[in-house]
Amino acid sequence: MDWLAGLGLMWIEGRFLGIEWHAWKVVGWVGNAIFFSRFVVQWYATERLRRVVIPQAFWWLSLIGSLILLSYAIQRRDSVFIAGQAFSWIPYLRNLWIHRRNKSSQLTCPACSRVSPSDYRHCPKCGQVLSEASDKGGSDTGSVLAKGH
Ligand SMILES: [Zn+2]
């Protein structure tokens, strides 16, 4: 059992893994875990689509993680840590706002559910006429590929 204690794998006098644990330490580590998980999410999304993408979840995890870390830093009264987290949430919030605004102006294909910019008249994946253009001439998918997008 001494070797477990030597590696810090036993709970001794409030310490585990060489870390002195208390409620705020748990808050700090949860913030760290959430903030780190954004890289996993972004990497997964990029590998899945085989191009560099930043999913909306990346900005949510960034925002939540940084606010938790900021609260921890304030509680610890660590000026370096506070300065590092004090303003980082602003671009995260701004990116979420822009993402939301863009999403509301996008069109979803009724046939394949692909999301396209609002100025697209046809789905680039399946050629379906998108909602705003469908009022004019019905679903003429033959001319879609010729026009392209
Ligand atoms: Zn489609």
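Me: A residue is buried if 20 or more other C-beta atoms lie within 10 Å of its own, exposed if 12 or fewer, and partly exposed in between, with C-beta atoms placed from the backbone. Is Leu17 buried or exposed?
Reply: This is a predicted model, in which local features need pLDDT of at least 70, side-chain atom pairs count only at pLDDT 80 or more, and totals for chains, interfaces and linings use all residues. Residues are numbered from 1 along each chain as its sequence is written. Leu17 has 10 C-beta neighbours inside 10 Å, so it counts as exposed.

Me: Where is Leu17 found?
Reply: Helices (H or I, at least four residues) and strands (E, at least two) are DSSP runs, numbered from the N terminus. Leu17 is not a glycine, yet has a positive phi of about 55°. Its place is the loop between E1 and strand E2 (19–20).

Me: What is the phi of Glu13?
Reply: Glu13 sits in the loop between helix H1 (2–6) and strand E1 (15–16). It counts as exposed because it has 5 C-beta neighbours inside 10 Å. Most residues other than glycine have a negative phi. Glu13 is not a glycine, but its phi is positive, about 50°.

Me: What pattern does the protein follow along the sequence?
Reply: The secondary structure comes to seven helices and four strands. In sequence order, the pattern is α-β-β-α-α-α-α-β-β-α-α.

Me: How far apart are the end C-alpha atoms of helix H2 (residues 23–49)?
Reply: The expected span of a helix is 1.5 Å times one less than its number of residues. For the 27 residues of H2 this should be 39 Å, which agrees with the distance between its end C-alpha atoms, 40 Å.

Me: What helix is included in what covers the buried residues of H2?
Reply: The buried residues of H2 are Gly31, Phe35 and Arg38. What covers them includes helix H3 (56–76).

Me: How many residues make up the largest nonpolar core?
Reply: A nonpolar core is a set of buried Ala, Val, Leu, Ile, Met, Phe, Trp, Tyr and Cys residues joined through C-beta atoms within 7 Å. The largest one includes Phe35, Trp59, Leu63 and Tyr92. Its largest share, eight residues, comes from H3. In all, the core counts ten residues.

Me: What does Tyr92 touch, not counting residues up to four places away in sequence?
Reply: Two residues are in contact if their C-beta atoms, placed from the backbone, lie within 7 Å. With residues up to four places away left out, Tyr92 touches Trp59, Ser62, Leu63 and Ser66.

Me: Are H3 and H5 roughly parallel or antiparallel to each other?
Reply: Axes are lines fitted to C-alpha atoms, for helices over the stretch in contact, and angles run from 0 to 180 degrees between N-to-C directions. The axes of H3 and helix H5 (residues 89–104) come within 9 Å and cross at roughly 150°. Angles under 35 degrees count as roughly parallel, over 145 as roughly antiparallel, 65 to 115 as roughly perpendicular and the rest as oblique. H3 and H5 are therefore roughly antiparallel.

Me: Which residues is Thr108 in contact with, leaving aside neighbours within four places in sequence?
Reply: Thr108 is in strand E3 (residues 107–108). It has 13 C-beta neighbours inside 10 Å and so counts as partly exposed. Its C-alpha atom is separated by 8.2 Å from that of Ser131, 23 residues apart along the chain. Beyond four places in sequence, the contacts of Thr108 are Ser113 and Val115.
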